[in-house]
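Subject: Structure handover

Hello,

Here is the structure I said I would pass on. Please open it next to this message and follow along; my notes come after it.

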Amino acid sequence: MTIDIQHKGLSIFTERPLECSNGISSPIHKHSLSEIHIVCEGESTYRCENTIYTLNAGDAIYFPPETYHSSSAEESARILAFQTKSQK
């Protein structure tokens, strides 16, 4: 499933929902796009720069461009991950 929303010069898109399970994590990284994660089910732990956040179903987190971040699922979780970029 691809979602692509364009509104007032901003493009919000995702290729697919993320299905995470115990032991799955992403290493610390950064990229040129903004990123938004919405936890739909379960629990996920995020690191944004030097702060750690624990998110549960219904919570969301925003990562600005060029911000170091990582994530891990402590139990099965369903997460929607969106990236944004400016239209030119």
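Start with Glu 35, which is buried, because its relative accessible area is 9% and the cut-off for buried is under 20%. Please keep in mind that this is a predicted model. Glu 35 sits in strand E5, which covers residues 34–41. Its side chain makes a polar contact with the side chain of His 31, at 3.2 Å. Apart from neighbours within four places in sequence, the residues in contact with Glu 35 are His 29, Ile 61, Tyr 62, Phe 63, His 69, Phe 82 and Gln 83.

Some of these contacts turn up again in the sheet. His 29 has His 69, in E9, as its bridge partner. Strands E4 and E9 (residues 69–73) run antiparallel and are joined by three bridges.

These two strands belong to an open sheet of four strands, in the order E4-E9-E6-E7, with antiparallel pairing. E4 (25–29) and E7 (51–56) are the edge strands, each pairing on one side only. From one strand to the next, the twist averages 15°. As background, strands of a sheet pair through backbone hydrogen bonds, either parallel or antiparallel.

Phe 63 and Tyr 46 form a tilted pair, 5.9 Å centre to centre with 50° between the planes. Tyr 46 is in strand E6 (residues 43–48) and Phe 63 in strand E8 (residues 60–63), so the pair ties together parts 17 residues apart in sequence. Both residues, Tyr 46 and Phe 63, are buried.

Regards

Technical notes:
Residues are numbered from 1 along each chain as its sequence is written. This is a predicted model: local features need pLDDT of at least 70, side-chain atom pairs count only at pLDDT 80 or more; totals for chains, interfaces and linings use all residues. Side-chain values use heavy atoms; hydrogens and water are left out. Buried means under 20% relative accessible area, exposed over 50%, partly exposed in between (1.4 Å probe, protein chains only). A polar contact is a pair of N or O atoms within 3.5 Å; within protein, one must be able to donate a hydrogen and the other to accept it, and residues adjacent in sequence count only if both atoms are side-chain atoms. Contact means heavy atoms within 4.5 Å. Rings of Phe, Tyr and Trp (its six-membered ring) pair if their centres lie within 6.5 Å; planes under 30 degrees apart count as stacked, over 60 as edge-to-face and the rest as tilted. Two strands pair if DSSP finds at least two bridges between them. Axes are lines fitted to C-alpha atoms, for helices over the stretch in contact, and angles run from 0 to 180 degrees between N-to-C directions.
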